[in-house]
Amino acid sequence: MRDPHAFTPMLEEGVRGAPPRSLTLGSDLAMNQKEIGKFSQKDAKAFPGFVEHLDKLAAAIHPLLDAPPVDIPGVTTGSLRTRLAAAKTLMPIVKCGMKLGRNIPDFYEIITAPIMKILNRWFESEPLRATLATDAVIGAMTSPHSPGSGYVLLHHVMGELEKEKGAWGYVEGGMGGVPQAIARAARSYGVDIFTEKDVGQVLVGSDGAARGVVLKDGTEIHSKVVLSNATPYVTFKNLMPQGALSPEFIKAIDQIDYTSPVTKINVAVDKLPNFLASPTPDNKPGPHHQCSIHLNCESVDVLETAYKEAMNGRPSARPMLEMTIPSVLDPTLAPPGCHVVSLFTQFTPYHIEGREWTDQDREAFADTAFDWVEQYAPGFKKSVVGRDILAPPDLERIFGLTGGNIFHGSMSLDQLYLARPLPSLSDYRSPIKGLYLCGSGGHPGGGVMGSPGWNAALTVMADLKRR
């Protein structure tokens, strides 16, 4: 568990020998107010109300996360029995509406408005507004001034960890520990799991139904149903037999937005970054080292400029940097005294002014990012012993993330709930009978929560009972 969870150092001269200011946020509300008070006493007083406001909205939409979207065809067509059965899918949205109550207009506003419209109403200090705005644009090719960015912020605060809402944590041993834990649970129930077995194609029978998969080595595995955790693009464009899907459907798949602003830089260092705003002697971690460390986030204008550069086909000259150092809490990740640093950077385009990324481009962008880190934490560049740079095309090639998008498709208003990833696919069923989507491309979208898989499994089990 990370607490505190956010640290934003300022790039400024300290006053009268004091270090530059910084903003640290965690679970302690009084401490948060003290930190915010460095920049605005008005904002410090307003912050508890803002947190309560977001918590109400996030709690209200929880029922929508772990249930498939409303079955519109079932509710509106068919026999009375069919309609009554489909009416059950209305319950989550009814519960959501009941919980929201008078807050329904506020909910509508936050999912449609630019996040800055919300933040400007609550706060006046730039460091606080910019720090909160990062959660509205993280992983998304969007600006804090873009409509719909408010929902991305809500999406990031609605989760919980160990029963603490909005908490963040690290998985011991790295993120691979999550699927390994799921695999152990599955094997305990007799599930067979095969890894390093690339699927070449979904098998489709003469009746147009899925009959299993064929691996790239030619092995055929037959089954009653197939669930795909790949992106909708990979599933329907790369894994389906020629002619199995209509041209109209393929055209719709081509129009799903997978734009990504993210270049991920994994770094090995032989000592901790020592920040001017919160110096730590003797290579010992401070509370801020366990946070998401927000660099180049002193003002929203910095984020906006970085976004506009990427939209014009250029990597940001002053990128938004989110640094995490998981080895501070998990010493299994690095040798004693050394650490692993993750830089989640924005904004970078898929193509640089219309051309492919080159190794020189990757190294140049990483150098730019490191130069900025160096300004906040002098000595960082000398501590680097290795780095791995993954631009959007690399994230696509290595991890199968179409466009490099970590959410399996943009979390924009036109690709949420009944329209995720398309209106015709929002119930996880595909045009191929027996083939289902179960990844983040389906409702409710990306994040380490498993909800799309849970909802898809419920759908599959319901369909198998009807057979």
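**Helix packing and one serine in a predicted model**

Author: In this predicted model, helix H1 passes helix H2 in a right-handed crossing.

Reader: Why is H1 called roughly antiparallel to H2?

Author: The axes of H1 (residues 29–36) and H2 (residues 41–65) come within 8 Å and cross at roughly 150 degrees. Angles over 145 degrees count as roughly antiparallel, so H1 is roughly antiparallel to H2.

Reader: Which residues of H1 and H2 meet?

Author: Leu 29, Asn 32, Gln 33 and Ile 36 from H1 meet Asp 43, Ala 44, Lys 45, Phe 47 and Pro 48 from H2. The contact has five nonpolar, two polar and two charged residues.

Reader: What makes H8 roughly perpendicular to H9?

Author: Helix H8 (residues 126–137) packs against helix H9 (residues 149–157) at an angle of about 95 degrees, and their axes are 6 Å apart. The range for roughly perpendicular is 65 to 115 degrees, and therefore H8 is roughly perpendicular to H9. On the H8 side, Leu 132, Asp 135, Ala 136 and Val 137 meet Ser 149, Val 152, Leu 153 and His 156 of H9. By class, these residues are five nonpolar, two polar and one charged.

Reader: Why does Ser 246 count as partly exposed?

Author: Its relative accessibility is 34%. Buried means under 20% and exposed over 50%, with partly exposed in between, so Ser 246 counts as partly exposed. Ser 246 lies in the loop between helix H11 (232–238) and helix H12 (247–254).

Reader: What does the side chain of Ser 246 reach?

Author: The Ser 246 side chain reaches the backbone nitrogen of Phe 249 at 3.1 Å.

Conventions. Residues numbered from 1 in each chain as written. Predicted model: local features only at pLDDT ≥ 70, side-chain atom pairs only at ≥ 80, totals over all residues. Heavy atoms only, no water. Axes fitted to C-alpha atoms, helices over the stretch in contact; angles between N-to-C directions. Helix = DSSP H or I, 4+ residues; strand = E, 2+ residues; numbered from the N terminus. Parallel < 35°, antiparallel > 145°, perpendicular 65-115°, else oblique. Contact = heavy atoms within 4.5 Å. Nonpolar A, V, L, I, M, F, W, Y, C, P; charged D, E, K, R; others polar. Left-handed = near helix turned anticlockwise from the far one by under 90°. Buried < 20%, exposed > 50% of the residue type's maximum accessible area, 1.4 Å probe, protein only. Polar contact = N/O pair within 3.5 Å; in protein donor to acceptor, adjacent residues only side chain to side chain.
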